[in-house]
Amino acid sequence: QVQLVESGGGLVQPGGSLRLSCAASGFTFFSTYTMSWYRQAPGKERDLVATITGTGTGGNTNYADSVRGRFTISRDNRKNTVYLEMNSLKPEDTAVYYCKATSRVFPTYWGQGTQVTVSS
């Protein structure tokens, strides 16, 4: 059974840091998937935060303008895990963060999400 499980969310003060993890299981050729983090704040659409391509395409990263320079996406294919390091957090970063796996060959998968709340 294919599964993505996010963890690492929580409550943090403005200016603080969190590291989210997305553990993948049941995947064939996980290293070839493009992995992304999305977030959805209450009453808003789900927005793309960061993407990292598969090893076959260079492991390139891309970020939304709102997080560039503060967030870092990375992956450890030996552990089938993707990370999102979040620094200098702002209240507007508050959202449910989702992990997504996409491939040109296999179906797309989403995780269940993890809540991040930035508040003093």
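The following dialogue examines selected residues of a predicted model.

Student: On what basis are the values to be read?

Tutor: In this predicted model, local features need pLDDT of at least 70 and side-chain atom pairs count only at pLDDT 80 or more, while totals for chains, interfaces and linings use all residues. Residues are numbered from 1 along each chain as its sequence is written, and side-chain values use heavy atoms, with hydrogens and water left out.

Student: Is Asp93 buried or exposed?

Tutor: Buried means under 20% relative accessible area, exposed over 50%, and partly exposed in between (1.4 Å probe, protein chains only). Asp93 is buried, with a relative accessible area of 1%. Asp93 belongs to the loop between β8 (81-86) and β9 (95-102); strands are DSSP runs of E, at least two residues, numbered from the N terminus.

Student: Which side chain makes a polar contact with the side chain of Asp93?

Tutor: A polar contact is a pair of N or O atoms within 3.5 Å; within protein, one must be able to donate a hydrogen and the other to accept it, and residues adjacent in sequence count only if both atoms are side-chain atoms. The partner is the side chain of Arg39, at 2.9 Å.

Student: Where does Ala50 lie, and which residues does Ala50 touch beyond four places in sequence?

Tutor: Contact means heavy atoms within 4.5 Å. Ala50 is located in strand β5 (residues 46-52) and is buried, at 1% relative accessible area. Not counting residues up to four places away in sequence, Ala50 touches Met35, Ser36, Trp37, Asn62, Tyr63, Ile73 and Leu84.

Student: How many aromatic pairs does a search of the whole structure find?

Tutor: Rings of Phe, Tyr and Trp (its six-membered ring) pair if their centres lie within 6.5 Å; planes under 30 degrees apart count as stacked, over 60 as edge-to-face and the rest as tilted. The search finds 6 aromatic pairs. Phe27 and Tyr33 form an edge-to-face pair, 4.9 Å centre to centre with 85 degrees between the planes. Phe27 counts as buried at 12% relative accessibility, as does Tyr33 at 2%. One aromatic cluster is formed by Phe27, Phe30, Tyr33, Phe106 and Tyr109.

Student: Where does Phe29 lie, and is Phe29 buried or exposed?

Tutor: Phe29 lies in the loop between β3 (18-25) and β4 (34-40). Phe29 is exposed, with a relative accessible area of 57%.
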